[in-house]
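Morning, everyone. I have one structure to go through today, and I will keep to how its parts sit against each other. Let me put it on the screen.

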Amino acid sequence: MTDVRPFLKNYDGPPVRLMEVCGTHTAAISKNGIARMLSPAIRLISGPGCPVCVTVTAYIDRLVELSLRPGTVVLTFGDLMRVPGGRMSLNDAKAAGGNVRMVYSPMDALRLAESDPKNTYVFAAVGFETTSAVYAALLEDAESERIGNLKLLTSLKIMPPVIDWVCRNQGGVDGFIAPGHVSVITGCKIYQPLAERYGIPFVVAGFEGGQLLDAIYALVKLRGRPRVMNLYPSAVRENGNEEARRAIRRYFEPCAAAWRGMGTIPGSGLMLRKEYSRFDAGSAGLDEDCNFSPGCLCAKVLTGAISPADCPRFGRLCTPQTPQGACMVSQEGSCYNYYISGRGSK
Amino acid sequence: MKITMAHGSGGESTSELIADIFEKSFNDPVLSKMEDSAVLPGAGRIAVTTDSFVVTPLFFPGGDIGRLCVCGTVNDLLMSGADPEYLTCGFILEEGADTEDLRKIAVSMSRTAREAGVRIVAGDTKVVEGSGGVYINTAGVGFVPDGINVGASNCREGDAVLLSGSLGDHHAAILSKRMGIENTIVSDCAPLVGMVDAMKRSGVRIHAMRDVTRGGLATILNEFASAAVCRIGLDESKIPVSPQVRGFCGILGLDPLDMGNEGKMVAVVAPEDAERAVGCMRKSRYGKNAAVIGRVEAEGESAVLLKTPIGGTRVVGPLYGEGLPRIC
């Protein structure tokens, strides 16, 4: 295998802007210190791939409201706890007596709901295709075990429509590091129509430092060509995981979804099918989005219009200790990752 | 038997509980006097510390809350350069706690105290309403020998940064147990008396020491960098992490640099003493994987930089947020 590092460091061809649309890639790029290994002509920008970051405030507000309702317990991943809502975060709600519990896996929800039938458990179901498959498995188990006190508040998103949105509205992206985990479910061929429509390459990458460097190298080499390349073949297949997609389709159907900073994008979300509405904790219509604080540029960061370090609040008013927006809260958020790995500074 | 509110009454039930479990397990002549304070010999520079332990589960692979509450306080004394001597312990028991569990915890405390060469000389027990939880506070007293001066602000350009072993084992063991994940990860919970004594005896000039507990290596080194206004450079490939813990962290999105340990220490020592210090650590049963993981590269700026295995460099910040659950 050739060492791509000298090429990437010394590249002096036409400037290339590459976007990663997977929060885990954002974190891995920071963790491996990759940005500083690249020539100034290669710029990495983070896209809307962190599920917590793209969640609108109406959704947080609804979770807060549910947590304060007697007889209801909200279950969530840790990252969502500190995201500011319109009025308060789930952390604030918890301190105010709200029932909020942090879990590590949606499957924990089953055991909790089963052991406490008097309360209704609402899982904060955010995520992309990968996590949707887990929620489908959760519902399958809830059905077969006849657990009636478990519901989902969904804010589920699918990747291709938002990539399309970024290309159409934002432009200036010369290639995508396609998401690793999502592609396990979807397969890599779903990027082919996008590659052709916008004349740019997509490379599916793993999460090791070397795998990311290889993906960046491939994207620079493929610049301007509508190619889809799979550099994560140990996990991702051409057609993905049909069984997981079938499970998702059984419980969920496509819907328009609201994205932080981008508004509502048709067909970019998943909602529970009518026949499973008994599992829904009121997910419809949670579209409203307001800035957490005036001057927060989350929306521009999420779409790659600006780099986190370009936001005047970054690192000054807005730090992981005093987050002004979700991108500085989530461990997959671009602002958080730029901050902790020093990507904001030279 | 289950703990009831009566066990915290201060009356006969309390006395029985103390006599049956704690006095028997700790078996110390000063403690057995059951006076209001332990009166003990000692003079010179005294180190005092205290810590509370609220871990769930109480028993985990590689240890239990009893071993933990002794190691935590003993290690804190050691890290300030002191030779640990005495411990006190305060138990806060929730109604419904199991006395057999309590006995196991007390025996484990006693065994660990013996291993660490400290005496448990005073204690207290309270019972509160609840559902069977056990919480322990320990305080420790130690004496700092002449000529020892350890502190974060003492780090100097050129100093070597040493780590006594692999990162994240305790944190990963606790999380695995809590999440019901089966693996072979075992807590590293241990008293570090052996390796610190060895370093002191062999005359290693230790400038700063910390046990790598909550907040992890990342937070500690940032504290060193701030206190001494220095830049610390680390080599990621030199930082030991077991393959199991690395895999576990990968799945959950955790960074071993942020994870807590209960039997690992970081030491900043004079460059000429680095090799000897690593030798001292490796000779101890808890320091087999000790290594020099970095250097104090410069003074005058505060930063921790990490060279990644693929040749990148990144800033290492302290642990932010509370995504990680409590482990001690």
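Start with the spacing: the centres of domain 1 and domain 2 of chain B, taken over C-alpha atoms, are 28 Å apart. Bear in mind that this is a predicted model. As for the bounds, domain 1 of chain B covers 5–144 and domain 2 covers 152–315.

The two domains touch, with 22 residues of domain 1 of chain B and 20 residues of domain 2 of chain B taking part in the contact. Which helices of chain B each supply at least two residues of the domain 1 side? They are helix H3, at 65–79, and helix H4, at 99–116. H3(B) gives the largest share of that side, with 10 residues. Sorted by class, the domain 1 side that touches domain 2 of chain B has 12 nonpolar residues, seven polar and three charged.

Now to the two helices themselves. In general, a packed pair is described by the angle between the two axes and the distance between them. For H3(B) and H4(B) the angle is about 35° and the axes lie 7 Å apart. Is the crossing left-handed or right-handed? For H3(B) and H4(B) it is right-handed.

On the H3(B) side, the residues making this contact are B:Ile65, B:Gly66, B:Arg67, B:Cys69, B:Val70, B:Cys71 and B:Val74. From H4(B) come B:Ile105, B:Ala106, B:Ser108, B:Met109, B:Thr112, B:Ala113 and B:Ala116. By class, the contact of H3(B) with H4(B) has 10 nonpolar residues, three polar and one charged.

That is what I have; questions, please.

Note on methods. Residues are numbered from 1 along each chain as its sequence is written. Chains are lettered from A and ligands numbered from 1 in the order in which they are written. This is a predicted model: local features need pLDDT of at least 70, side-chain atom pairs count only at pLDDT 80 or more; totals for chains, interfaces and linings use all residues. Domain bounds come from an automatic or database domain assignment. Two residues are in contact if their C-beta atoms, placed from the backbone, lie within 7 Å. Helices (H or I, at least four residues) and strands (E, at least two) are DSSP runs, numbered from the N terminus. Ala, Val, Leu, Ile, Met, Phe, Trp, Tyr, Cys and Pro count as nonpolar, Asp, Glu, Lys and Arg as charged, and the others, Gly among them, as polar. Axes are lines fitted to C-alpha atoms, for helices over the stretch in contact, and angles run from 0 to 180 degrees between N-to-C directions. A crossing is left-handed if the near helix is turned anticlockwise from the far one by less than a right angle, and right-handed if clockwise.
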